[in-house]
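Biologist: I have a model open and want to learn how to read it. Can we go through it feature by feature?

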2 protein chains.
Amino acid sequence: MFKLYYTPGTCALASHIALAEAGADYTTERVDFKTNQQNSPQYLEINPKGRVPSLVTDRGILTETPAMLAFIAQSFPQAKLAPLDDIFAFAQAQAFNSYLCSTVHVAHAHRMRGPRWASEESSFADMKRKVPESVGAGFALIERKMLRGPWVMGEAYSICDPYLFTLTQWLGADGVDLATLPRVMDHHQRMAARPAVAKALAEEQG
Amino acid sequence: MFKLYYTPGTCALASHIALAEAGADYTTERVDFKTNQQNSPQYLEINPKGRVPSLVTDRGILTETPAMLAFIAQSFPQAKLAPLDDIFAFAQAQAFNSYLCSTVHVAHAHRMRGPRWASEESSFADMKRKVPESVGAGFALIERKMLRGPWVMGEAYSICDPYLFTLTQWLGADGVDLATLPRVMDHHQRMAARPAVAKALAEEQG
């Protein structure tokens with residue numbers, strides 16, 4: 001049994017979808033950013049970083065989306081969510097997820113989370129203006145070089161797909177021209193049609 | 001046989017140390033940031049992101065430090081660089097490395113790489129001023145909560161240790177008060193005494 005702490009509209013959706021795809025037995029608990037619940041003493045006991053997602057397992061608590069996604073894939077090998085028997089292919093999947101985490105998500109975060117990295121209002125405004133370019137550059141590389149199709153890793157659906165879907169959800173608000181990313185948008189549509197994706201989205205919006 | 005593309009003073013050192021610890025058969029090739037070699041057509045063929053590190057393997061090229069570190073551990077199981085037989089412990093190691101990559105390294109990068117996320121000189125200066133606080137906060141959490149001791153994951157040395165060592169190397173230039181991080185600095189000293197660390201550092205400075 002797993003318990004996922006999430007906030008709607010965040011990268012927690014990637015792990016949520018992966019749990020649903022795996023057929024895992026899980027519950028979810030919403031963390032309210034509006035009341036700063038992520039920095040409440042109770043939540044900091046769960047995740048001292050004050051972020052979502054957090055995944056409560058029988059063994060303890062996990063954080064960090066790439067690590068959680070690999071763990072979900074390894075916990076449910078029958079769901080075939082990662083190439084677990086091929087360490088090079090597994091590393092490629094991990095590299096894709098690491099790129100989303102440390103480059104693409106970070107670029108996106110400069111739209112709303114400027115105070116993590118600067119102090120002046122003028123800097124926050126400058127960061128916001130750069131987001132279409134920086135997120136757009138990350139996605140342009142995904143479009144041209146990284147998304148093999150039909151799924152990220154090729155014929156086999158994997159833990160890369162819900163993560164890409166999650167960040168693609170943010171592209172419109174990030175000011176990226178979706179028309180420049182036909183393959184990414186095609187991937188997004190096919191993802192949206194999967195029952196596990198609909199289930200996770202419904203659970204977050206319910 | 002592996003070939004590691006690196007630049008001295010970058011996070012490539014983490015994978016370099018891991019290769020040395022594993023007893024891998026590897027060569028290294030330096031990428032010169034001063035001449036912008038990372039964005040040369042030749043290097044972009046190797047890594048279209050224009051970053052280091054890149055690891056050339058018999059199967060193809062890998063990028064992204066957390067993925068490369070896990071791959072090195074899985075390629076040399078006898079070196080016991082990760083808890084490969086325990087998926088939860090492996091996920092914890094991956095979570096630590098993901099935190100270094102997407103939070104601590106990213107905070108550090110705002111000292112020199114402001115143009116990735118903003119356009120104005122005033123923003124770059126503002127970002128630089130924030131680095132002691134943002135990198136310091138990341139390391140404070142490592143000091144208090146994450147570094148188990150004597151190694152990151154406890155008694156067993158792992159792929160988390162060279163990565164932490166690498167980012168600790170940057171703390172002085174980042175303006176973080178080292179006296180506030182006695183456990184991290186103790187870890188750094190014990191790392192510096194390891195032959196594989198000395199070998200990797202010598203190869204990068206040679």
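Modeller: Start with one residue. The model is predicted. Leu44(A) sits in helix H2 of chain A, residues 41-46.

Biologist: Is Leu44(A) buried or exposed?

Modeller: Count C-beta neighbours. Leu44(A) has 12 inside 10 Å, so Leu44(A) counts as exposed.

Biologist: Which residues is Leu44(A) in contact with, leaving aside neighbours within four places in sequence?

Modeller: Asn39(A) and Gly50(A). As for Ala18(A), 26 residues away along the chain, its C-alpha atom is separated from that of Leu44(A) by 24 Å.

Biologist: Now a strand. How many residues of strand E1 of chain A are buried?

Modeller: Four of the five, so E1(A), residues 2-6, is mostly covered.

Biologist: Which way does E1(A) run against strand E2 of chain A?

Modeller: Look at the bridges. Five join E1(A) to E2(A), residues 26-30, and the two run parallel. Phe2(A) stands opposite Tyr26(A) there. With helix H1 of chain A, residues 12-22, these strands make a right-handed β-α-β unit.

Biologist: And how many bridges join E1(A) to strand E3 of chain A?

Modeller: Three, and this pair runs antiparallel. E3(A) spans residues 54-57. Leu4(A) stands opposite Leu55(A).

Biologist: Last, the interface. How many residues does each chain bring to the contact?

Modeller: Chain B gives 41 and chain A gives 41. On chain B, strand E4 and helices H3, H4 and H5 each supply at least two. H4(B) gives the most, with twelve. By class, that side of chain B has 18 nonpolar, 14 polar and nine charged residues.

Conventions
Residues numbered from 1 in each chain as written. Chains lettered and ligands numbered in written order. Predicted model: local features only at pLDDT ≥ 70, side-chain atom pairs only at ≥ 80, totals over all residues. Contact = placed C-beta atoms within 7 Å. Nonpolar A, V, L, I, M, F, W, Y, C, P; charged D, E, K, R; others polar. Buried ≥ 20, exposed ≤ 12 C-beta atoms within 10 Å, placed from the backbone. Pairing = 2+ DSSP bridges. Right-handed = clockwise from strand over helix to strand, strands pointing away.
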